[in-house]
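Have the viewer open as you read.

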Number of protein chains: 2
Amino acid sequence: MGGVTEPVSDEVLLARAYLSRVSDPGSVPVWGYVRSVGPVAAARAIAHGHVPDEVRRATASRRDDADPYADLEAAERHGIRLVTPETDEWPHFAFAALERTGIDRLKRYQAGDRKRAEAGEPMPPLALWVRGTAELASVGVRSVGMVGSRSATRYGERISAELSYGLAQREVVVVSGGAYGIDAAAHRGALAADGPTVLVSAGGLDRPYPPGNTNLFERVAESGLLVSESPAGCAPQRHRFLSRNRLIAALGTGTVVVEAGQRSGAANTAKHCRTLQRPLMAVPGPVDSAMSIGCHNLIRAESNPAILVTCLDDVLAVVGGSSDVPQISAGQLPSTDGLREVLDRLDPSARRVFDGLFARRFARPDEIAVRSGTSALEVIRALPTLDLARLIETGDAGYRIAARLRKA
Amino acid sequence: MGGVTEPVSDEVLLARAYLSRVSDPGSVPVWGYVRSVGPVAAARAIAHGHVPDEVRRATASRRDDADPYADLEAAERHGIRLVTPETDEWPHFAFAALERTGIDRLKRYQAGDRKRAEAGEPMPPLALWVRGTAELASVGVRSVGMVGSRSATRYGERISAELSYGLAQREVVVVSGGAYGIDAAAHRGALAADGPTVLVSAGGLDRPYPPGNTNLFERVAESGLLVSESPAGCAPQRHRFLSRNRLIAALGTGTVVVEAGQRSGAANTAKHCRTLQRPLMAVPGPVDSAMSIGCHNLIRAESNPAILVTCLDDVLAVVGGSSDVPQISAGQLPSTDGLREVLDRLDPSARRVFDGLFARRFARPDEIAVRSGTSALEVIRALPTLDLARLIETGDAGYRIAARLRKA
């Protein structure tokens with residue numbers, strides 16, 4: 001983020017493709033090993049079996065059959081690209097929390113606390129297979145995970161579609177899992193508003209799951225993104241569904257549970273949100289519907305209760321919406337030097353970025369992006385204009401409103 | 001409570017009837033004056049106009065026309081009796097909190113803080129007009145106020161009726177206001193279970209309001225109670241509706257709001273519950289129904305949020321239900337002296353009362369009644385049996401489990 005990097009080398013791409021094939025999603029030892037020796041050396045060592053025991057065990061079942069050339073070729077045939085932490089498209093901003101929890105868990109694992117590490121925090125993915133026209137890096141700056149029951153009621157599907165329609169209209173990315181019920185309604189609502197939506201699939205992107213949603217997958221790929229941790233050909237298995245939930249929680253600025261039964265994946269999603277310190281929201285419903293039980297239990301949970309949301313404004317208030325009043329607005333500044341006129345001449349994007357700056361504290365582009373409801377890229381693009389207009393000043397820790405504009 | 005008192009004198013009855021006619025419900029100066037000089041002297045002084053200015057002002061409009069003889073006669077014709085703080089039937093237990101808030105507010109009023117006293121805590125009533133077969137004093141030991149929108153949906157009415165049916169089956173008194181919508185459904189649910197229900201009316205009991213609920217009023221009177229602060233002939237006016245809400249909150253061990261629009265009386269009820277330190281509960285509903293807005297707002301209120309309840313068990317968990325595990329149960333006691341056998345020979349009522357006793361702290365019958373989910377009267381009836389079995393001991397502050405039964 002924040003600069004142009006070299007295109008990622010084929011060597012790294014091949015290594016990440018190989019790692020994504022041989023490792024189960026969320027493996028602590030494999031992620032730790034890659035982190036320690038780098039992807040290329042890790043892939044080579046795994047292929048030769050010259051790795052620590054726990055890494056060998058975690059990769060044993062697939063390391064001999066893995067063929068990253070074939071996987072990358074198959075991906076290309078299906079219009080799928082591989083996004084790795086070394087590429088510009090990697091969602092560093094959205095995954096910052098996942099990176100942190102991964103390091104925490106790895107430390108406990110390495111300290112020998114294997115048992116706690118087993119059931120621990122979510123791990124970052126080794127790579128992501130991606131298909132579609134949107135750019136993954138822009139996801140998570142302002143996005144909402146929306147999940148819920150596969151056996152949703154018409155009420156749940158309606159609310160889900162209405163919320164995601166409204167979010168998409170405001171260019172908030174709707175992230176969901178492509179399942180029947182709430183997931184599908186969330187994607188459809190966003191598509192209906194011609195808005196961005198991201199579908200995180202539990203299996204390979206060449207085989208939409210459930211098959212009944214094949215058409216939905218195609219429509220999402222046309223204007224949004226299909227994302228999977230698994231290379232083409234991987235069947236969606238139970239553990240992949242659970243690990244998929246962590247990616248939805250990580251890619252969303254916050255996550256909304258729309259309908260959930262008593263025993264549902266919602267509890268799993270809630271746990272991830274808590275661990276990643278992302279707000280969890282839940283939509284209440286009729287108390288005589290079994291599909292409301294999970295949401296009501298999340299709302300009244302004693303520790304880390306979900307925020308009760310009933311409408312689009314409630315969700316925007318949590319994740320930050322364009323209708324939000326910025327904490328420091330240009331209106332609060334003195335109109336010396338014809339400041340108002342200068343601000344009025346700014347293009348809307350630069351103006352939004354200016355409104356996201358603090359008056360006294362320096363902030364990095366990522367942070368400014370969140371505050372101004374735009375992307376880090378847009379912030380970086382706007383900074384020279386703002387600098388030229390002598391509206392900002394630079395420090396080690398980023399940018400802030402120029403001292404000369406501040407009230408005495 | 002807790003003993004047999006002399007029947008109340010005709011003089012006091014006449015005085016209270018007069019006061020209930022000349023004063024508006026919840027008048028701070030009138031209640032304070034009655035408290036200071038007693039009802040008989042207060043009534044006489046008001047009739048002659050020899051009273052402090054604010055008492056004169058509060059009673060001026062009606063003091064000349066008031067005829068307590070006629071009011072009591074009219075009441076008798078309609079089967080209505082006057083219950084006063086001097087009678088055994090006065091709900092001292094339920095009104096203890098109201099008495100406390102009344103004294104607090106009176107103190108502020110007398111200290112000259114009239115403005116704050118205007119909008120202050122709820123005041124106790126001067127007397128209550130009552131019609132029906134149930135006994136008012138027993139209300140509030142285990143009872144639930146159930147209120148909500150007059151323009152309820154079928155969902156709200158169904159939930160309200162189901163909850164009150166279940167409560168009534170467990171002999172929890174359902175208290176409501178006799179209005180259309182949620183109120184009527186609450187009363188009907190209790191009646192369907194042949195259970196006790198109390199209808200607190202804003203107008204005189206001779207004229208059911210709304211008239212469309214006349215039949216409901218009759219059915220409540222047959223097995224439960226109609227209650228009003230106003231003598232026969234009083235029309236239900238707006239301020240009487242608001243002051244009526246405080247009586248529902250005071251008579252309920254806790255209050256449930258089932259459906260409420262954005263601007264509803266629910267906020268008023270919530271305020272009373274907060275002031276009286278009674279738990280407030282709210283039932284969530286479909287977010288696309290305007291009748292859910294009030295309940296959702298109560299649940300997510302920043303200060304004193306309502307407890308989210310979805311079913312009978314949730315409500316019983318708040319107000320105490322027969323299925324509750326008592327905090328000190330006989331099972332926790334040592335089985336020396338064949339204690340288990342002694343307990344097993346107790347009749348169920350005495351056994352329940354025993355289970356409501358503390359091991360170390362002395363408690364009054366009122367408190368024991370709440371803890372054991374029974375009435376103060378039943379507690380008093382059971383005490384001699386428990387004493388005879390050497391299961392309890394007596395102190396200045398009430399009763400507790402006999403020291404010989406306690407663990408070392």
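Start at Ser149(A): setting aside neighbours within four places in sequence, it is in contact (heavy atoms within 4.5 Å) with Tyr180(A), Gly181(A), Ile182(A), Glu259(A), Ala260(A) and Met291(A). Ser149(A) is buried, at 10% relative accessible area; buried means under 20%, exposed over 50%, and partly exposed in between, with a 1.4 Å probe and protein chains only. Its side chain also reaches the backbone nitrogen of Ser151(A) at 3.1 Å. You'll find Ser149(A) in the loop between β3 (143-147) and α8 (154-169) of chain A; helices (H or I, at least four residues) and strands (E, at least two) are DSSP runs numbered from the N terminus.

A word on the ground rules: this is a predicted model, where local features need pLDDT of at least 70 and side-chain atom pairs pLDDT 80 or more, while totals for chains, interfaces and linings use all residues. Residues count from 1 along each chain as written, chains are lettered from A and ligands numbered from 1 in written order, and side-chain values use heavy atoms, leaving out hydrogens and water.

Now hop to chain B. In strand β3 (residues 143-147), five of five residues are buried. In a regular strand, side chains alternate between the two faces of the sheet. Here Ser143(B), Gly145(B) and Val147(B) point one way, and Val144(B) and Met146(B) the other.

As for partners, β3(B) pairs (at least two DSSP bridges) in parallel with β4 (residues 173-176) over three bridges. Four bridges join β3(B) to β7 (residues 254-257), also parallel, with Met146(B) partnering Val256(B).

Note on methods: A polar contact is a pair of N or O atoms within 3.5 Å; within protein, one must be able to donate a hydrogen and the other to accept it, and residues adjacent in sequence count only if both atoms are side-chain atoms.
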